[in-house]
Amino acid sequence: MKASVSNDPPSLMAVIPAAGNGSRMQSRVPKQFLTVADKTLLEYSIEAVCRDSRVEQVFIAVSNPDTDYFVELKQKQPTKVHFVKGGNSRAESVLAGIKAATSQGATHVLVHDAARPCLPETALKRVIDEGLKDPQGAILAIPVRDSLKRAVVSSQGDKGSAHIESSVEREALWQAQTPQVFNAERLQQAIEHMGALNPQLTDEASAMQWCGFQPALIPGSIRNLKVTHPEDFECVRDWLLVINNKEESRS
Ligand SMILES: Nc1ccn([C@@H]2O[C@H](COP(=O)(O)OP(=O)(O)OP(=O)(O)O)[C@@H](O)[C@H]2O)c(=O)n1
Ligand SMILES: C[C@](O)(CO)[C@H](O)COP(=O)(O)O
């Protein structure tokens with residue numbers, strides 16, 4: 001790993017992978033473009049990462065940056081928000097965002113899923129504080145709360161009738177969330193080293209781990225749920241409506 005850590009003041013930019021097609025959600029449009037109160041989940045995610053003023057610019061990886069919707073979105077915040085072309089995997093999309101961010105002088109990147117629109121500001125602050133300080137980087141995560149069971153592998157592959165084989169010790173287990181904050185050059189090298197199409201590369205921390213780093217686990221929030229299945233969208237929609245109502249009654 002070549003990247004050295006400089007003493008210059010850090011320049012933090014966000015990368016939002018938003019080029020997926022949401023196959024598990026099976027909605028009429030990819031999940032990041034589903035709307036709640038006239039705003040897409042992507043717009044809520046952009047607003048969420050911009051709530052910390054240390055985020056200087058935001059690079060969003062999408063399938064087709066020339067689409068009218070993105071051109072209009074960019075016009076709302078022309079200096080801060082940029083769209084780049086995403087790739088065939090989440091990691092390829094993230095790489096495209098990192099390259100665009102470093103070309104603008106980013107020393108650090110904060111990667112956040114477009115499909116996590118309810119990120120609380122306090123959790124965002126925690127992961128930025130640690131990610132800028134710790135050379136191994138930092139990610140939001142939540143300790144596993146419930147009892148964990150390993151299922152018997154069914155020879156018929158029958159998903160509907162799982163049975164328990166054993167319990168799994170949950171003491172040291174955490175569920176990874178985003179944002180994940182890393183030195184930009186180190187993360188780019190780590191993803192390229194592991195291979196952006198490697199199926200084990202499910203998040204940025206996996207690439208850093210592959211290179212021997214041990215990123216910090218920073219307590220996230222159950223509100224920072226990723227929309228993966230239709231039931232997740234129902235929760236996220238209700239939370240966003242509550243958050244919107246609170247903000248309206250404050251203003
Ligand atoms: N080629 C890809 C695949 C995923 N993503 C983004 O990565 C985030 C998290 O990935 P995931 O939930 O797996 O999204 P999808 O790949 O869209 O969903 P699925 O796996 O169900 O198809 C999403 O914001 C998604 O848009 C991306 O930018 N480029
Ligand atoms: C990066 C991630 O959000 C961490 O939880 C997640 O791994 C990405 O999505 P997937 O469901 O693993 O495809």
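Ligand 1 is surrounded by 23 residues, and the closest are Pro-17, Gly-20, Ser-23, Arg-24 and Ser-93. A residue counts as near a molecule or strand if its C-beta atom, placed from the backbone, lies within 6 Å of it. This is a predicted model, in which local features need pLDDT of at least 70 and side-chain atom pairs count only at pLDDT 80 or more, while totals for chains, interfaces and linings use all residues. Residues are numbered from 1 along each chain as its sequence is written, and chains are lettered from A and ligands numbered from 1 in the order in which they are written.

The shell around ligand 2 consists of Asp-113, Ala-176, Gln-177, Thr-178, Thr-202, Asp-203, Lys-226 and Thr-228.

An open sheet of 7 strands has the order β5-β4-β1-β6-β10-β7-β11, with mixed pairing. Strands are DSSP runs (E, at least two residues) numbered from the N terminus, as are helices (H or I, at least four); two strands pair if DSSP finds at least two bridges between them. Because β5 (81-85) and β11 (216-219) are at the edges with a single partner strand each, one side of each has no neighbour in the sheet. Strands β1 (residues 12-17) and β6 (residues 108-111) run parallel and are joined by 4 bridges. Ala-14 stands opposite Leu-110 in β6.
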